[in-house]
Amino acid sequence: MTDSKKRYIFKNNLKNILNNMIPGDEFMPCFSHAVKIETIIKKYLKNKLLLNLKKKKIKIFKKKDIEIYQKLLGNDILDTYFTSNSVINSLNLRKKYYLKDIKKENVFKLLKKAKHKKQFFRE
């Protein structure tokens, strides 16, 4: 295999592992959309376990393989993911979306309480 092909396989394997560790949803992006994989590759370039990813494509469905990489990458991956700009922006959007419904409910509850409360007027 050529070096470019090994690099491509390595990048795809790492991308699959990281997206499996932190999948996206309707508000939050998956890991590969939030953070460049190249930064992770540079950080762990000398690690022997990660260099094994260059040899062949891994199967994500094997739990043993995924657990090894989760222990190895876990804390650093979370740090880089939650400090990226796209994740911070999506967290703010998510907060606004959920708070929008809560504010409406609170206003309706207050209006109901005000209707049923007796009002006393002083002169």
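User: In what order do the elements of the protein run from the N terminus on?

Analyst: This is a predicted model. From the N terminus on, the order is α-α-α-α-α-α. The protein has six helices and zero strands.

User: What share of the 123 residues is buried?

Analyst: Buried residues account for 25% of the 123 residues in the protein. The accessible surface comes to about 10,200 Å², and 56% of that belongs to carbon and sulfur atoms.

User: How should I read a nonpolar core, and which residues touch the most other members here?

Analyst: In soluble globular proteins, nonpolar side chains tend to be buried together. In this model the largest nonpolar core has 16 residues, and L14, L18, F31, I40, I77 and Y81 touch the most other members. The elements that give two or more residues to this core are α1 (3-21), α2, α3 (37-43) and α5.

User: Take F31 from that list. Which residues is it in contact with, leaving aside neighbours within four places in sequence?

Analyst: With those neighbours set aside, F31 is in contact with L18, N19, I22, I37, I40, I77, T80 and Y81. For the protein as a whole, among contacts between residues at least 6 apart in sequence, 71% join residues at least 24 apart.

User: Y81 is in that contact list too. How do I read aromatic pairs, and how many does the structure hold?

Analyst: A pair of aromatic rings is described by the distance of the centres and the angle of the planes. The structure holds two such pairs. In one, the ring centres of F31 and Y81 are 6.0 Å apart and the planes stand at 25°, so this pair is stacked. It links distant parts of the chain, with F31 in helix α2 (residues 31-34) and Y81 in helix α5, 50 residues apart.

User: Are F31 and Y81 buried or exposed?

Analyst: Both F31 and Y81 are buried. Y81 counts as buried because its relative accessibility is 2%, and the cut-off for buried is under 20%.

User: What is the geometry of the aromatic pair Y81 and F82?

Analyst: Y81 and F82 are edge-to-face, at 5.0 Å centre to centre with 80° between the planes. F31, Y81 and F82 together form one aromatic cluster.

User: Why does F82 count as partly exposed?

Analyst: F82 has a relative accessibility of 42%, so it counts as partly exposed. This residue is found in helix α5 (residues 63-82). F82 also belongs to a nonpolar patch on the surface, formed with L78 and L91; together the three have about 250 Å² of accessible area.

User: Now the charged residues. How many salt bridges does a search of the whole structure find?

Analyst: Side chains of opposite charge can pair when their charged atoms come close. The search finds two salt bridges in the whole structure. One joins the side chains of E38 and K11, at 3.2 Å from N to O. This pair links distant parts of the chain, as E38 sits in helix α3 and K11 in helix α1, 27 residues apart. E38 is partly exposed at 28% relative accessibility, and K11 is partly exposed at 33%.

User: Which residue forms a salt bridge with R94?

Analyst: The partner of R94 is D25, and their closest N and O atoms are 3.8 Å apart. R94 lies in helix α6 (residues 85-116) and D25 in the loop between α1 and α2, so the pair ties together parts that are 69 residues apart in sequence. R94 is partly exposed, with a relative accessible area of 26%; D25 is partly exposed as well, at 41%.

Definitions and conventions. Residues numbered from 1 in each chain as written. Predicted model: local features only at pLDDT ≥ 70, side-chain atom pairs only at ≥ 80, totals over all residues. Heavy atoms only, no water. Patch = residues over 30% accessible without salt bridge, like charges linked within 9 Å, V, L, I, M, F, W, Y side chains within 5 Å. Areas by Shrake-Rupley, 256 points an atom, 1.4 Å probe, with all protein chains shown as cover. Salt bridge = Lys/Arg side-chain N within 4 Å of Asp/Glu carboxyl O. Helix = DSSP H or I, 4+ residues; strand = E, 2+ residues; numbered from the N terminus. Phe/Tyr/Trp six-rings, centres within 6.5 Å; stacked < 30°, edge-to-face > 60°. Buried < 20%, exposed > 50% of the residue type's maximum accessible area, 1.4 Å probe, protein only. Core = buried A, V, L, I, M, F, W, Y, C linked by side-chain atoms within 4.5 Å. Contact = heavy atoms within 4.5 Å.
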